[in-house]
Every structure is written in structure tokens, then in C-alpha cells.
Amino acid sequence: MSKQPARAAAASKRLAEDGDICPVCKSSRYLNSTMQFKINPACYHRMCDTCVERIFKRGNSTCPIAGCAKTLSWAKFRRATFEDLKIEREVDIRKTVMDVMNKKEEDFETLRDYNDYLEQVEEIAWNLILNIDVEATTGKLERWKQHQKAELDAGPPLASGKGATQRKASQSSKKKDEAETGFTFHGLKKRVAPVKEAPYDPWGGWSIAPQYYVLQDNYDVDWYKRIKTDVHHVAGGHSLQDYCSQALRDAFGGLGVFIEDEILARDTPSMDADVGTEHAVAAAMSGKDANMNVNMDDVF
Ligand SMILES: [Zn+2]
Ligand SMILES: [Zn+2]
């Protein structure tokens with residue numbers, strides 16, 4: 001047996017021990033099995049949860065690790081997902097960048113434009129990961145975020161008659177806005193806000209408003225004038241308006257019903273006409289033949 005496995009085992013044991021000792025209070029997980037380690041994304045220094053509670057619970061404080069002067073808040077501490085805290089940090093940075101730089105391939109005119117965009121996103125991420133121009137990069141990212149938000153708030157472009165000239169003007173102003181953020185992306189399509197959803201209509205667009213007449217507020221007829229002034233007609237909550245409405249409905253009730261068409265529909269066998277339609281349902285409910293093609297559009 002060679003010494004190789006023994007040495008590897010010793011190394012891994014030492015690593016485990018290092019990882020199991022809190023660098024702040026030096027307590028070991030070996031003596032306290034419930035001990036957990038936490039990190040804060042401000043500096044990614046690891047410490048045990050007892051230390052976190054003791055030092056930060058009462059308010060923000062400076063990181064106790066020697067050489068780190070970051071002010072940490074208790075609420076930001078969390079358990080690390082990755083063993084390697086460099087990866088943990090990189091994942092966090094990429095998440096932040098992706099939240100802002102979230103364009104998809106279909107947002108670009110060509111694949112080439114999209115790839116160029118991805119390259120810029122990667123550059124941003126690496127600048128932050130390697131601590132290059134952090135302040136400038138974060139500023140750029142924030143400006144881009146605001147620019148995206150403003151573009152979305154402005155809503156879809158107006159479809160007015162000016163057409164091309166207006167589109168050109170908005171294109172150039174868009175380019176200008178984009179340049180102010182520090183980014184210029186070629187072939188980026190204009191972002192369009194989704195159409196606002198209409199309130200729910202339980203009738204599915206069906207309306208009981210009369211199609212063939214409009215109810216007037218007043219009718220210039222002698223007998224109507226007479227009954228209008230006679231309070232007896234409006235006794236007991238009866239409204240003259242209701243009377244007119246009813247009379248008109250009766251008078252126009254037959255319009256829109258074409259008997260020839262219905263006879264034709266009845267005599268012509270059809271496979272799809274009334275299957276699963278409201279007519280078939282209505283006919284089934286009233287016990288009539290589905291081919292009667294009852295006009296349900298005007299129940300009155
Ligand atoms: Zn500790
Ligand atoms: Zn620290």
C-alpha cells in the first residue's frame with residue numbers, strides 16, 4: 001500500500017476541520033453539531049450563526065474578520081449554497097446582472113446582434129466578478145435598468161398617420177437614450193408593453209341592447225304627452241320608460257328572424273352546424289330539434 005491515500009485523507013481531514021471552525025469565535029462544529037455557517041453577500045466572509053446573532057442582531061456592524069471593513073446587516077446573512085464562496089459570489093453577481101440584462105434572442109433583429117449583446121453582458125459580469133471599474137459598471141447597469149423601465153412605462157408607440165417620419169424620430173431618440181445609459185445595442189427591437197387586459201365580461205361580449213331601435217327619452221305624440229302628465233300611469237313604481245321599451249321590443253321583436261333561412265337550415269342536413277353551439281344547447285334544453293336553429297341572439 002502506498003502513502004498516497006493516507007496523505008489525501010489527512011489533507012481532506014484538515015480541510016474539513018478548517019471548514020468546521022468559525023474564524024470569529026473559533027468554536028468547532030465537532031463540539032457543537034447544530035452549528036451552522038452563514039455568509040453575507042457584502043464580503044462573503046464565513047462565520048457561525050451564533051456569531052451572526054451576537055454581533056449583528058442589534059443592528060449593522062463591521063465584519064469581524066481581520067482586514068475586512070465592510071458594514072454588514074443581519075438581515076442579509078444567509079446560508080451559502082456552494083462550498084466554494086467564490087462561486088457563491090459569482091452566482092450572486094450573475095443573478096444581479098441577469099435581472100437587468102434580460103433580453104432574449106427574439107428581442108434582436110439578428111442572431112449576430114444577440115451574440116454581440118451577450119458579449120457585453122458577459123463583460124459587465126466579469127468586471128463585477130474581478131472588481132474592475134465596479135462603480136462605473138454598477139452605474140451603467142442602474143441607468144440601463146431605469147431606461148428599460150421608462151421605455152416600458154411609455155407604453156406602445158402611437159399608431160398615428162405620421163408613420164415613417166415619427167418612427168424614425170422615435171428610433172433616433174431611442175438611440176440617444178440608449179447612448180446615455182452607456183450601452184448601444186445594435187438591432188435591438190423596441191420594447192412594447194403588453195396590451196392591457198380588458199375587465200372580465202361574463203357575457204362574452206353578448207349585449208342585450210336593442211339592435212333595431214333606440215329608446216328615446218321623449219316622444220312627440222299627443223297621447224304620450226297626455227299619459228306623461230297623468231300620474232296614475234306611473235303609480236306603483238311603474239315607469240313610462242319601461243312601457244315604451246316594452247312596446248318597442250314587441251314591435252321589433254320579429255326583425256332579425258328569417259323564417260326562410262331557418263326552414264332551409266332545417267331541411268339541409270349539416271354535420272357541424274349545431275353541434276356544441278349555443279343553439280344546440282338551447283334546443284336540447286327546450287326539447288326542440290337542434291336543426292330548428294333557434295335565434296338566441298335576441299331572447300326578447
Ligand atoms: Zn462564531
Ligand atoms: Zn468581511
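Predicted model: local features only at pLDDT ≥ 70, side-chain atom pairs only at ≥ 80, totals over all residues.

Reply: Buried means under 20% relative accessible area, exposed over 50% and partly exposed in between, with a 1.4 Å probe and protein chains only. Residues are numbered from 1 along each chain as written, chains are lettered from A and ligands numbered from 1 in the order in which they are written, and side-chain values use heavy atoms, leaving out hydrogens and water.

Donors are N, O and S atoms within 2.8 Å of the metal (3.2 Å for Na, K and Ca), and sites may look incomplete because water is not among the atoms. The zinc ion (ligand 1) is held by the SG atoms of C22, C25, C48 and C51, at 2.1 to 2.3 Å, and the spacing of these donors along the chain is C-x2-C-x22-C-x2-C. The angles among its 4 donor atoms run from 103 to 117 degrees, and the site is tetrahedral, a label given to four donors if all angles lie between 85 and 135 degrees. C22 counts as buried because its relative accessibility is 0%, whereas C25, at 33%, counts as partly exposed.

The zinc ion (ligand 2) is coordinated by C43 (SG), H45 (ND1), C63 (SG) and C68 (SG), at 1.9 to 2.3 Å. Its 4 donor atoms subtend angles of 102 to 116 degrees, so the arrangement is tetrahedral. Both C43, with a relative accessible area of 17%, and C63, with 5%, are buried.

Terms used. Tetrahedral: all angles 85-135°; square planar, octahedral: opposite > 155°, others 65-115°.
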